Amino acid sequence: MTENPPSIKAPKPFRKGSLVCVKREVYENSLESLASDEHSPDYIFEGPGEVLIIRGDYAQVRWRRPVPDVWLRIDQLNEWESN
């Protein structure tokens with residue numbers, strides 16, 4: 001009799017309130033960047049942005065600027081580190 005191993009869910013890398021920035025190499029030429037302005041603003045790569053909601057493979061991010069919140073794939077985000 002074989003036992004099925006318990007299904008282990010990979011931990012989510014971010015949660016609500018996490019501070020993030022965008023990985024330039026993953027974001028460029030992605031569907032999200034093609035749906036946006038031709039030139040991405042530097043502040044998304046410098047951070048920090050705050051994760052508001054996570055739904056599936058996407059996170060809603062709010063920047064500390066007077067700009068709209070954006071939805072980005074989680075794999076396009078890095079944890080923000082202050083210098």
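Tutor: Contact means heavy atoms within 4.5 Å. In this predicted model, residues 24 or more positions apart account for 54% of the contacts in the protein chain with a separation of 6 or more.

Student: What should I know about the numbering and the confidence limits?

Tutor: Residues are numbered from 1 along each chain as its sequence is written, and side-chain values use heavy atoms, with hydrogens and water left out. The model is predicted, so to speak of local features pLDDT of at least 70 is needed, side-chain atom pairs count only at pLDDT 80 or more, and totals for chains, interfaces and linings use all residues.

Student: How many helices and strands does the secondary structure of the protein chain come to?

Tutor: Helices (H or I, at least four residues) and strands (E, at least two) are DSSP runs, numbered from the N terminus. Here there are three helices and five strands. Starting at the N terminus, the elements run β-α-α-α-β-β-β-β.

Student: In what order do the five strands form a sheet?

Tutor: Two strands pair if DSSP finds at least two bridges between them. In this structure the five strands form an open sheet ordered β4-β3-β2-β1-β5, with antiparallel pairing. The edge strands, each pairing on one side only, are β4 (70-73) and β5 (77-79).

Student: Which bridges hold for the individual strand pairs?

Tutor: Strand β2 (residues 49-55) pairs with strand β3 (residues 58-63) over six bridges, in the antiparallel sense. β1 and β5 have three bridges in the antiparallel sense, with V20 opposite E79 in β5.

Student: Where does G17 lie, and which residues is it in contact with?

Tutor: G17 lies in the segment before β1 (19-22). Leaving aside neighbours within four places in sequence, G17 is in contact with E50 and V51. The C-alpha atoms of G17 and L52 are 6.3 Å apart in space, while the two residues are 35 apart in sequence.

Student: How many aromatic pairs does the structure hold?

Tutor: Rings of Phe, Tyr and Trp (its six-membered ring) pair if their centres lie within 6.5 Å; planes under 30 degrees apart count as stacked, over 60 as edge-to-face and the rest as tilted. This structure holds two aromatic pairs. In one, the rings of Y27 and F45 have centres 6.1 Å apart and planes at 70°, so the pair is edge-to-face. Y27 lies in helix α1 (residues 24-27) and F45 in helix α3 (residues 43-46), so the pair ties together parts that are 18 residues apart in sequence. Both Y27 and F45 are buried.

Student: What about Y43 and W63?

Tutor: Y43 and W63 form an edge-to-face aromatic pair, with 5.8 Å centre to centre and 75° between the planes. Y43 is in helix α3 and W63 in strand β3, 20 residues apart, and the pair links these distant parts of the chain. Y43 is buried, as is W63.

Student: Which ring does the charged end of R24 sit over?

Tutor: A charge sits over a ring if NZ of Lys or CZ of Arg is within 6 Å of the ring centre and within 35 degrees of the ring normal. Here the charged end of R24 sits over the ring of F45, 3.9 Å from its centre.

Student: Why does E32 count as buried?

Tutor: E32 has a relative accessible area of 14%, so it is buried. Its place is in helix α2 (residues 31-34). Apart from neighbours within four places in sequence, E32 is in contact with residues including Y27, Y58, W71 and Q76.

Student: What joins the side chains of E32 and Q76?

Tutor: A polar contact is a pair of N or O atoms within 3.5 Å; within protein, one must be able to donate a hydrogen and the other to accept it, and residues adjacent in sequence count only if both atoms are side-chain atoms. The side chains of E32 and Q76 are joined by a polar contact of 3.0 Å.

Conventions: Buried < 20%, exposed > 50% of the residue type's maximum accessible area, 1.4 Å probe, protein only.
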